[in-house]
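This briefing is for a reader meeting the structure for the first time.

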Amino acid sequence: MKPEQFPAYNCDESYQWNYDHPPALPEIAVPELSGGWKFCGHEVSSPLGISAGPLLNGRWCCYYARLGFDVLTYKTVRSQRRECYPMPNLQPVSCGQLDGTQNRVLPSKSMQGTWAVAFGMPSASPNIWRADIEWTRQQLSREKVLSVSVVGTMQEGWGIEELAADYAQCAKWAVESGADCIETNFSCPNVNTCDGQLYLDTKESAVVSEAVKSEIGNTPLIIKVGHFLDREAIPLFLSAVDKYTDAVSMTNSIANRVGVNDSNLMFESQPRGICGRAILEASLRQVRAFSQAIKERKSKIEVIGLGGIETAMEVTHYLSAGASACHLATHPMVDPGCGIKIRDHLAKHPLP
Ligand SMILES: Cc1cc2nc3c(=O)[nH]c(=O)nc-3n(C[C@H](O)[C@H](O)[C@H](O)COP(=O)(O)O)c2cc1C
């Protein structure tokens with residue numbers, strides 16, 4: 001099978017089409033929850049949010065806000081326009097639970113809860129997203145939290161200081177436009193190695209967090225991390241970023257190559273982030289490990305659990321593992337009503 005013959009998710013619409021065609025705003029009753037939920041100092045009506053990715057612009061934020069999600073994470077933006085990778089951007093895959101040791105996952109013809117995500121973090125130009133964030137904050141009610149995800153864009157000849165300044169510039173613009181929180185995506189290539197990830201380099205993570213925090217002042221800072229294969233690295237990471245960050249969000253995805261065999265790999269043989277059902281157990285284990293390490297440090301960092309949440313059952317598992325909020329990306333794209341269903345269940349079966 002040649003790469004172009006791999007079954008691709010049947011999606012004629014491009015990223016741009018989706019950007020320009022958000023769904024009409026639904027009129028739907030949202031079940032109320034008891035519990036006095038908080039997110040980075042903001043009072044919210046549930047632990048539910050949408051993580052960075054599905055909310056391409058303000059109109060997408062408003063759509064999911066009406067569907068029972070209280071924290072809306074505006075899709076990762078950059079200091080300059082960036083095109084999307086070619087399709088397929090979403091490739092369903094077939095695999096069991098991933099733990100980061102697998103070599104490859106199989107492409108699948110149909111969506112079974114897990115897919116490889118390959119957009120390359122596209123971004124509108126800053127003048128567009130800054131105006132749109134301002135509009136979004138005005139549209140959302142005060143009870144909804146607008147978190148904006150930012151990432152630095154590496155340029156030739158740059159070192160970590162320049163990359164940190166680029167992250168900080170995006171964060172500053174987002175706060176000026178009305179963001180309630182900033183999320184820095186550290187699950188992206190770092191300076192020293194093209195296949196490395198910023199969150200795996202404690203020194204560079206500290207440099208970027210410090211630069212962002214010094215620009216955003218009291219606005220809460222969330223750091224989004226990927227999967228830690230080495231549990232020993234978790235306390236080191238926390239000690240590097242503790243004084244700058246209010247929350248850590250995990251797990252972004254688990255990277256893997258996609259193909260029917262090792263000589264027929266998609267995405268030019270490069271790994272892509274696997275998201276959805278197959279990363280649930282590894283993400284839960286990581287939330288548990290972070291929560292434990294945070295407790296041992298007597299730190300106030302909050303943990304946002306994400307990865308494979310579909311129903312109220314996974315939400316309760318994340319909360320029991322130590323998360324104070326639960327965010328979703330894949331499942332609300334497949335079933336936009338899942339937030340209402342989760343709230344309905346939690347309203348009938350309140351958490352202890
Ligand atoms: C369509 C899509 C786009 C995504 N884009 C981003 C992104 O721009 N920035 C980011 O930090 N994470 C991005 N993610 C990762 C999600 O925020 C989330 O970490 C991941 O999907 C795991 O959650 P899930 O299992 O509920 O999908 C994206 C995920 C999906 C499905």
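Eight strands form a closed barrel in the order β3-β4-β8-β9-β10-β11-β15-β16, with parallel pairing. The model is predicted: local features need pLDDT of at least 70, side-chain atom pairs count only at pLDDT 80 or more, and totals for chains, interfaces and linings use all residues. Residues are numbered from 1 along each chain as its sequence is written. Helices (H or I, at least four residues) and strands (E, at least two) are DSSP runs, numbered from the N terminus.

**The barrel and a helix on it**

- Strands of a sheet pair through backbone hydrogen bonds, either parallel or antiparallel; here two strands count as paired if DSSP finds at least two bridges between them.
- Strands β11 (residues 247-250) and β15 (residues 302-306) run parallel and are joined by four bridges. M250 has G305 in β15 as its bridge partner.

**The ligand shell**

- The ligand is surrounded by 25 residues, and the closest are S51, G53, C275, A329 and T330. A residue is near a molecule if its C-beta atom, placed from the backbone, lies within 6 Å of it.
- β4 (71-77), β14 (272-276) and α9 are the elements that give two or more residues to this shell.
- By type, the shell holds 11 nonpolar, 12 polar and two charged residues. Ala, Val, Leu, Ile, Met, Phe, Trp, Tyr, Cys and Pro count as nonpolar, Asp, Glu, Lys and Arg as charged, and the others, Gly among them, as polar.
- G53 lies in the loop between β3 and α2. G53 is buried, because 20 other C-beta atoms lie within 10 Å; the cut-offs are 20 or more for buried, 12 or fewer for exposed, and partly exposed in between, with C-beta atoms placed from the backbone.
- Leaving aside neighbours within four places in sequence, G53 is in contact (C-beta atoms, placed from the backbone, within 7 Å) with K75 and A329.

**Helix α10**

- The buried residues of α10 (residues 338-348) are C338, G339, I342, R343 and L346. They lie on the same side of α10, because they cover an arc of only 135 degrees around the axis. The arc is that of the directions from the helix axis to the C-beta atoms.
- β3 (48-50), α8 (312-320) and α9 (330-334) are among the elements that cover these buried residues.

**Backbone details in loops**

- M87 and P88 are joined by a cis peptide bond with omega about 5 degrees. P88 lies in the loop between β4 and β5 (90-94).
- Another cis peptide bond joins M250 and T251, with omega about 10 degrees. T251 is in the loop between β11 and β12 (254-261).
- F267, in the loop between β13 (264-265) and β14, has a phi near 55 degrees, a positive value in a residue other than glycine. F267 is partly exposed, with 18 other C-beta atoms within 10 Å.
- K298 has a positive phi near 55 degrees and is found in the loop between α7 (280-297) and β15. K298 is exposed, with 6 other C-beta atoms within 10 Å.

Conventions. Contact = placed C-beta atoms within 7 Å.
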